[in-house]
Amino acid sequence: GHGRWSRESCNPAMRNFKVVLAYDGTGLVGWQRQAAGTSVQGLLEDVLRDLDGRSVVVHGAGRTDAGAHALGQVASFALERAITADTLVRAINARLPDAIRVLDAADVDAGFHARFSARAKTYRYRIWNGEVANPFERAYAWHVIGALNVDAMRAATRTLEGCHDFAAFQASGGTAATTEREIYRSQIESGQSNSLDRLISYEVTGNGFLRHMVRTIV
């Protein structure tokens, strides 16, 4: 995998940065830059091109789908411009739309790569389970009508922990070299203690995920 890294990070004149972003993915095509639509990667690369005066490639720790949100997406890139991490945070946020924010930035070793250096990734999938949807959750939860057996769901999530072949949970068109993944933690949290709180949250942490794997599991 290392042969796919940008050669820029090997240039001693360059500085490698790691940033942590949060974003509301409503109306976005997801993390990855695409031919049509607005992406998080595309917006960030546009900002960095203006800051550095050249094209900058941003690597993300993972890809989020259209409409998905992030609380702590890690990305990395190399810059020629002499700039401190704190100033970089302010400069990027001043140019990004309000729905996307860099929470933190740090100088990192030239060998750091957001994707290939990642040790674990965590996804949270939220379900609003009730006859009437909560309008404040309409962009942040899947509305499911009809009672769900949360105890059975909770038991099922535990069977996913460990190292397994998740080929059955991969969306068509996936290009992963192997479909084996290790899940470190898989759990359900439910707030269904009263009629006003019908939120079910599934959280899963692993060493990596196949295309649409978490969505298919849910």
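Predicted model: local features only at pLDDT ≥ 70, side-chain atom pairs only at ≥ 80, totals over all residues.
Begin by selecting arginine 126 and glutamate 137, whose side chains form a salt bridge with the closest N and O atoms 2.6 Å apart. The pair links distant parts of the chain: arginine 126 belongs to strand β5, whereas glutamate 137 sits in the loop between β5 and β6, eleven residues apart. Arginine 126 has a relative accessible area of 22% and is partly exposed; glutamate 137, at 16%, is buried.

Next, display the whole of strand β5, residues 121–129. Eight bridges join β5 to strand β9 (residues 199–206), and the two run antiparallel. To locate this pairing, select lysine 121, whose bridge partner in β9 is glycine 206. Strand β6 (residues 142–144) is joined to β5 by three bridges, and these two strands run parallel. Here, select tryptophan 128 together with histidine 143, its bridge partner in β6.

Now move to helix α1, residues 40–52, and select aspartate 46. The side chain of aspartate 46 meets that of arginine 33 in a salt bridge, at 3.1 Å from N to O. Arginine 33 lies in the loop between β1 (15–23) and α1, 13 residues from aspartate 46.

Aspartate 46 is partly exposed at 27% relative accessibility, as are arginine 33 at 38% and arginine 49 at 36%.

To finish, colour the salt bridges throughout the model, which number twelve.

Key. Residues numbered from 1 in each chain as written. Heavy atoms only, no water. Pairing = 2+ DSSP bridges. Helix = DSSP H or I, 4+ residues; strand = E, 2+ residues; numbered from the N terminus. Salt bridge = Lys/Arg side-chain N within 4 Å of Asp/Glu carboxyl O. Buried < 20%, exposed > 50% of the residue type's maximum accessible area, 1.4 Å probe, protein only.
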